[in-house]
Structures are given as structure tokens and as C-alpha cells.
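Have the structure open beside you as you read.

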Amino acid sequence: MTTTIPLPRRYSWQKFLPIVLPPLIVLVLVLVVWQILCSGSNPRLPAPITIIRESWHLIVNPFFDKGGTNKGLGLQVIESLRRVAIGYTLASVVGVSIGILVGTNQLINRGVDPFFQVLRTVPPLAWLPIALAGFRQAETSAIFVIFITAIWPILINTSVGVQQVPQDYRNVSRILRLNRWEYFWTILLPASAPYIFTGMRIAAGLSWLAIVAAEMLTGGVGIGFFIWDAWNSSRITDIIVALVYVGMVGLLLDRLVFYASKLIVQSEE
Amino acid sequence: MQSLPLPAPLQSPVELPFLELRDVSKFYPTSKGNYTVLQGVNLSVQSGEFVSIIGHSGCGKTTLLNLVAGFTRPSQGFVSLENQRITAPGPDRMVVFQNYSLLPWLTAYENIHLGVKSVYRPQNATEKRRVRQIVEEHLELVGLTDAAHKKPKQLSGGMKQRVAIARALAMRPQILLLDEPFGALDPITREELQDELLGIWERTKVTVLMITHDVDEAIYLSDRIVMMTNGPSATIGEILTIPFAHPRNRARLTEDPQFFTLRNQCLSFLYERFALDIDHD
């Protein structure tokens, strides 16, 4: 069997082994140490084998739906991602628009920049009580928290990107006498795209951090409330499985924005 | 196929000064009073002339070019093109920059197309087809038809500068402004492009104002060389007329004893009479 395709096989192994093996070894080591540390009778935190045994139904069945908030982790994550998608999209549209306005107008920039610098340091969850007071609705408030978390890096990066448009490109546009509309589409937007995407990537990470925390407080279906609910029901093994999901989805989101930016942005180098 | 749309030579019987700089000074206000870059520059360029400006760094060559391009305005005096005072940049004075200044997100074709479109502002399908045709003809003129749909990052330095030259020519400028166009290229590519530029100029007779550091380049290409004194308060020190007939041939030119006489005149101006004071630089 193996003799029929020996070359490509060996080749791919040689290529991927140095990439796959080191993290695999670390994973096994961590699990072994964890297992040993948490193996006494009645440990405070469950050992890996205990987690697999007790949360097996969650691991093997991510899409069960028993009504209410009793849903598989896949469905919980999808619900959280839906909120992130709405808040993040709104933040991107508003952030890029205001960022361009602020970046192109020095006077407006001077007026609002100090406030942006203060507002962006406010932790996401600190916005939640105000959102709840304003919207009187948990769902809208959770989305607002994502929006207000994601908007600052997008807005600030966009406005910096707009200000960084190289003088050479502006000179070209002055010689060609491009009108505002042409200047916007052919020079301003493409030239600031790398900055905009950097902001959007930071914002994607922050959004995911914020939704998990916000859902713990607002309740309903979602990975954040799932974790909080599991804690209240002393299902520690479920929490750890959920954390693995949270980490994986966060990584996927980051990669997604990264590859989207690579696809769209044309850098000079 | 139609012939190349090259600008027709001007047929005016009277050779009015085409480009004129009259008593041009440029100073920038600083905390210690005005800093004078250029002082009392007078220069007339005829239509179809190839004029080079040579001088040390900081002699205001680029300021001079920026004044003609319209990026800056003179503090005193005036700059005019065909009796029209220059106050702002425009497509009739296209600049070819040392760093090419192509938009990296557009292909070679699209970069040229943007320029041509901005000049002709096509309204209907016929005019749009005409614009596309002009772009294709100019890509062919610089030998880049095959690279039309490549982005600048996929092109070599020489190819990028070819695109920039094609973009400039395709816009049919009244005067072509070259800001050390070959300064960033390796010596072999530089010679190739000099030959191409000379060939294009000999066919189109477009008026050219070129800044350069390279004495050989200036002699090989120009009708006249404007030598600048050192800044601050730089002005035109001397104007050298290059008598060689066109079409020129590099090999034959560099064997001509007159070439060396001119070369020595340039070099003695730059390195003896206006040598840079090292301590000051």
C-alpha cells in the first residue's frame, strides 16, 4: 500500500512534522501535568479525563437543541457570533465613515480627538449599565457593547490612515485634477486601507472578548451566558469545554479578518 | 492600425518664449526671518526644447520644478506657460517623479488610464474607446504591452519608470517635467531609459524640463543645461548650449572631443567654482 505513493507522502510528512509536532508535544505535556496535578480525591478543578467523561455529551454533540438556553455549544457560539456580526458591522461602517471625516478635516480632528482618546480607554463592560438604561433591552444592549468596543480602533486607525496618504499620491491627484469623488475612491480609500484593516482586526478581537463578558450579564442563548450558567450549576467541566470553543472562535475571527485584508489590500512592497 | 498620437510640432512662425520664469524668487518664512531658496531666476524655454537643470543638493532645483508644476507659487516674479500665469498644478505640466508615484493598487494600464481619463473626461462610448486606445498606444510606445495588467510591485524599477513616462506622455502635456527620473535606477537600466526617452523626444518634440545630478545624462539628452549656484539664494549660474545634432548616438557622442569639453565645463562649474563646502553641508 505505502509503496504506491511513497514520495509525496514522505515529502508532506517532512514538511509538516516540524510545524505540527512541537505544539502537539506541548499539548500532551500540559495535559499530563494537569492530569497529575488534579488527580487527588476531590480536586478543586477537574482533570482532563474527568472533563471528557463528564462533558462528553457537549463535546460530541455541538448542535443539540432542547429548547430555552439548553443548546449545544455550536449553537451557543453561533448566537454569540450573530451579535458580534451586527455590532461589528455597524462599528465598521460608522467607524470608517467618521474616521475619514475626522482624518480629512484638521479642525474636526482637533475638536474630537481628545474625547475619542478618553472614550476608547473605557472598558467594554462599563458601557453595559448605560446601554441597559438607554435601551431597556438585554439583546440591544449586548450589541451596543460590541459596537462601542469595536468602533474606537477602527475609527482611530482610519483617521490616522487618511492622514498618512503619501504626499506623492496627493501630488498626482492635484496634477490630474481629480474631483473629490475620484480622489476618495482611487487614492484616499486604497491608500488608507492597510490602516483600516489593522483597526478592524484589533476590533474583531476586542468584540469577541466583549461579547463573552456581556452575555454573562445579559443572559439568553450565547456562549457567555452558557459559561455563567454552568458556573451557577457547578458544571466546571462544561466551562472548560466552552473556553476551548471561545479560544478557537477568537482565533478563527482574527484569521478571517487577516486573510480578508490580504485579499483586498495592495501594498507597494 | 492608426499611427501613434504624438503631439504635433508647434508651427508658430514667431518663437515666443513658451515657458518663462521672470525674476522668480522663493523664500520661506522662518523664526529668523525669510529663508531664501531661489533668488532672481530668469529662464526662457522654447517649445520643443529639452532643458536640463543641474546643481548640488539644496540648490533649489526641485523648488524650481515645483514652481513650474504649480505645487508652489513664487514669492516674487512669475512663471508662465504660453502667456498663462501658472498658479496651480495641471495635466498640461505632467511630472515624472524619481520614485515613479504610480498608484500601487492599480495596474500599469489603470495607472495610465487614470491620467488619460482625467485629461479627456470621456462622455460617450466612442470617447471612452478613444481613451483606451491612447492608453494602449502609449504602453506600446514604452514597450510594456505585455505588462499592461501587472501591478507596480510586479514591475522592475525601470519598468515602473516606463509606465510613469507613458502616463505622462499619454496625457499630452505641453511640457514634461522630469524630477531626477533615472536617479533610482541601476546604470544599465538608466542608459536604456535615457536612450528611450531621447528617442521618444526626438519623435514627439515635447518640451522637457529635467532635473538631474548626472552630467553625462544632461549632455546626452539636452539642448541646454542650466547650472544652478549653491543655495541658499540659489540662482542660475550659467547656461550651456549643447550643439550636437539630433538624432544623437551615445557611442558617437562620447567619442566626440567636444563632448569632453562640455563635460569639463560642467564639472568645473560644479566642483571647482561651486564646490560644496563640506563643513556646511
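## Two backbone features

Asn42(A) sits in the loop between α1 (6-37) and α2 (48-54) of chain A; helices (H or I, at least four residues) and strands (E, at least two) are DSSP runs, numbered from the N terminus. The phi of Asn42(A) is near 55 degrees, a positive value in a residue other than glycine. Over in chain B, the loop between β10 (236-241) and α7 (250-255) holds Pro247(B). The peptide bond leading from His246(B) to Pro247(B) is cis, and its omega is near -5 degrees. For background, most residues other than glycine have a negative phi, and most peptide bonds are trans.

## How to read the model

This is a predicted model, in which local features need pLDDT of at least 70 and side-chain atom pairs count only at pLDDT 80 or more, while totals for chains, interfaces and linings use all residues. Residues are numbered from 1 along each chain as its sequence is written, chains are lettered from A and ligands numbered from 1 in the order in which they are written, and side-chain values use heavy atoms, with hydrogens and water left out.

## Where the chains meet

Chain A brings 19 residues into contact with 25 residues of chain B (contact means heavy atoms within 4.5 Å). About 2000 Å² is buried between the two chains, 61% of it from carbon and sulfur atoms; this is the accessible area (1.4 Å probe) that two parts lose on being put together, summed over both.

The rule finds one salt bridge across this interface, taking a side-chain nitrogen of Lys or Arg within 4 Å of a carboxyl oxygen of Asp or Glu. Arg121(B) and Glu182(A) form a salt bridge, with their closest N and O atoms 2.6 Å apart. On the chain A side that touches chain B, α8 (167-175) and α9 (180-218) each give two or more residues, and α8(A) makes the largest contribution, six residues.

## The largest pocket

The largest pocket holds about 430 Å³ of space. On a 1 Å grid over the protein atoms alone, a pocket is an open set of points where a 1.4 Å probe fits, with protein on both sides within 12 Å along at least five of seven lines; lining residues have an atom within 4 Å of a point. Its volume is the space filled by probe spheres set on the points, which are joined across faces, edges and corners.

Among the 16 lining residues, Thr104(A), Val162(A), Arg180(A), Tyr183(A) and Leu188(A) are the closest to the centre of this pocket. The largest share of the lining, four residues, is from α9(A).
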